[in-house]
Amino acid sequence: MASFTHATPERCAQLGRALTAAGLDWSDNGRQDNPSRLTYTVTDPHGRTWRISPVTNFQIAPSSPARIWQASSGGLATSTAVLSARKMAQHIRDVAP
């Protein structure tokens with residue numbers, strides 16, 4: 001059975017800090033109590049909307065336990081790899097128009 005116990009309050013706070021440090025506008029849906037339904041909405045510098053969610057425990061590589069976030073953008077019709085909070089923020093900030 002898939003779990004989301006890795007999406008701890010501290011990991012959520014790390015993502016928020018990384019998004020803020022990258023200068024991105026973001027919000028979450030307030031579902032830290034139920035990480036399987038937790039979603040962050042982020043606007044990149046080009047006005048595209050991204051949705052970030054934690055991945056399941058099956059998607060986390062044991063060698064990279066901090067990589068728990070995946071994002072998708074309807075404007076780009078793409079999903080990111082599973083990334084850490086800092087790498088996710090950098091990717092969204094730096095993706096080409």
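Which residues does Ala81 touch, not counting residues up to four places away in sequence? Ala81 touches Trp69, Gln70 and Met88, where contact means heavy atoms within 4.5 Å. Ala81 itself is placed in the loop between β5 and α2. Between Ala81 and Arg67 there are 14 residues in sequence and 9.1 Å in space, C-alpha to C-alpha.

This is a predicted model, in which local features need pLDDT of at least 70 and side-chain atom pairs count only at pLDDT 80 or more, while totals for chains, interfaces and linings use all residues. Residues are numbered from 1 along each chain as its sequence is written, and side-chain values use heavy atoms, with hydrogens and water left out.

**Helix α1**

Helices (H or I, at least four residues) and strands (E, at least two) are DSSP runs, numbered from the N terminus. Helix α1 covers residues 9–21, and at 1.5 Å a residue its 13 residues should span 18 Å; the end C-alpha atoms are 18 Å apart, which agrees. The expected span is 1.5 Å times one less than the number of residues in the helix.

Five names make up the buried residues of α1: Cys12, Leu15, Gly16, Ala18 and Leu19. They cover an arc of only 165 degrees around the axis, so they lie on the same side of α1. The arc is that of the directions from the helix axis to the C-beta atoms. Buried means under 20% relative accessible area, exposed means over 50%, and partly exposed is in between (1.4 Å probe, protein chains only). Pro9 and Ala21, on the other side of α1, are exposed.

The buried residues of α1 pack against β1 (25–28), β2 (40–43), β3 (49–54), β4 (69–73) and α2 (85–94). After α1 comes Gly23, with a positive phi near 75 degrees.

**The nonpolar core**

In soluble globular proteins, nonpolar side chains tend to be buried together. A nonpolar core is a set of buried Ala, Val, Leu, Ile, Met, Phe, Trp, Tyr and Cys residues joined through side-chain atoms within 4.5 Å. In this model the largest such core has 22 residues, and those with the most contacts inside it are Ile52, Trp69 and Ile92. Two or more residues of this core come from each of α1, β2, β3, β4 and α2.

**Aromatic pairs**

Rings of Phe, Tyr and Trp (its six-membered ring) pair if their centres lie within 6.5 Å; planes under 30 degrees apart count as stacked, over 60 as edge-to-face and the rest as tilted. The whole structure holds 2 aromatic pairs.

Trp26, Tyr40 and Trp69 form one aromatic cluster. Tyr40 counts as buried at 1%, and Trp69 counts as buried at 1%.

**Salt bridges**

Side chains of opposite charge can pair when their charged atoms come close. A salt bridge is a side-chain nitrogen of Lys or Arg within 4 Å of a carboxyl oxygen of Asp or Glu. The count comes to 4 salt bridges, and the table includes some of them.

| Asp33 | Arg31 | 3.6 Å |

Asp33 is exposed, with a relative accessible area of 64%, whereas Arg31 is partly exposed at 29%. Asp44 is buried at 4%, and Arg48 counts as buried at 12%. Arg93 counts as partly exposed at 34%.

**Two loop residues**

Thr56 lies in the loop between β3 and β4 and counts as buried, at 18% relative accessibility. Not counting residues up to four places away in sequence, Thr56 touches Ala2, Ser3, Phe4 and His6.

Ala77 lies in the loop between β4 and β5 (78–79). Ala77 is exposed, with a relative accessible area of 72%. Phi of Ala77 is near 50 degrees, a positive value in a residue other than glycine.
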